[in-house]
Amino acid sequence: FADSPTSLIADVDCTADGKPLCDKHGVRGFPTLKYGDPGDLQDYSGGRSYSDLKKFAEENLGPTCGPGENIALCDADTKAKIETYASMSTGKVEGKIRKATKDFEVEVPVMKKVLAWAQKQGGTGGAAEL
């Protein structure tokens with residue numbers, strides 16, 4: 001994979017200069033293998049032989065949907081979303097990310113608690129039942 005324009009195999013020393021990178025990606029034990037989009041790395045739990053790794057790479061890895069040269073790999077809905085975000089200023093996209101993060105980290109847990117409470121009460125919910 002040394003000359004591949006789409007694949008990277010890297011060795012990171014998590015005890016030295018690479019520690020912040022390892023912390024960011026949740027590396028706790030060594031050796032750890034990760035794969036996928038650099039912004040969303042996944043744990044690899046398959047075989048460790050060259051043939052196992054090569055087979056996994058051939059069957060599971062490659063270009064994925066995204067802005068730029070890989071936009072053609074996206075379905076119509078995702079392509080439209082990417083194009084919408086790409087037309088916005090970086091500040092506006094960052095604001096949308098902050099809002100989505102807040103919704104996910106703050107609002108969703110509260111909604112789940114209310115839903116669980118309402119289901120425990122045997123009702124379908126509603127402010128009057130609180």
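**Pocket lining and salt bridges**

Me: Which helix gives the most to the lining of the largest pocket, and with how many residues?
Reply: This is a predicted model, so take what follows as read from a prediction. Three elements, α1 (19-24), β1 (34-35) and α2 (50-60), each supply at least two residues of that lining. The top contributor among the elements is α2, and its share is six residues.

Me: What is the volume of the largest pocket, and which residues are closest to its centre?
Reply: The volume of the largest pocket comes out at about 1400 Å³. Its lining counts 37 residues, and the ones closest to the centre are Leu8, Ile9, Ala10, Lys34 and Tyr35.

Me: How does the lining of the largest pocket divide into nonpolar, polar and charged residues?
Reply: Tyr counts as nonpolar here and Gly as polar, in case you sort them another way. On that scheme, the lining splits into 22 nonpolar, ten polar and five charged residues.

Me: OK, on to salt bridges. How many does the structure hold, and how far apart are the closest N and O atoms of Lys55 and Glu59?
Reply: The structure holds six salt bridges. To count, a side-chain nitrogen of Lys or Arg has to sit within 4 Å of a carboxyl oxygen of Asp or Glu. Lys55 and Glu59 make one, with their closest N and O atoms at 3.5 Å.

Me: What is the N to O distance in the salt bridge of Lys99 and Asp103?
Reply: These two lie in helix α4 (residues 90-121), four residues apart, so they too are about one helical turn from each other. Lys99 is exposed at 53% relative accessibility, while Asp103 is partly exposed at 28%. Their side chains meet, N to O, at 2.8 Å.

Me: And which residue does Glu107 form a salt bridge with?
Reply: Glu107 is partly exposed, with 31% relative accessibility. The closest N and O atoms of the pair are 3.8 Å apart, which is inside the 4 Å cut-off. The partner of Glu107 is Lys102.

How values were computed. Residues numbered from 1 in each chain as written. Predicted model: local features only at pLDDT ≥ 70, side-chain atom pairs only at ≥ 80, totals over all residues. Heavy atoms only, no water. 1 Å grid on protein atoms, 1.4 Å probe; cavity = no way out; pocket = protein on both sides within 12 Å on 5 of 7 lines; lining within 4 Å. Points joined across faces, edges and corners; volume = space filled by probe spheres on them. Buried < 20%, exposed > 50% of the residue type's maximum accessible area, 1.4 Å probe, protein only.
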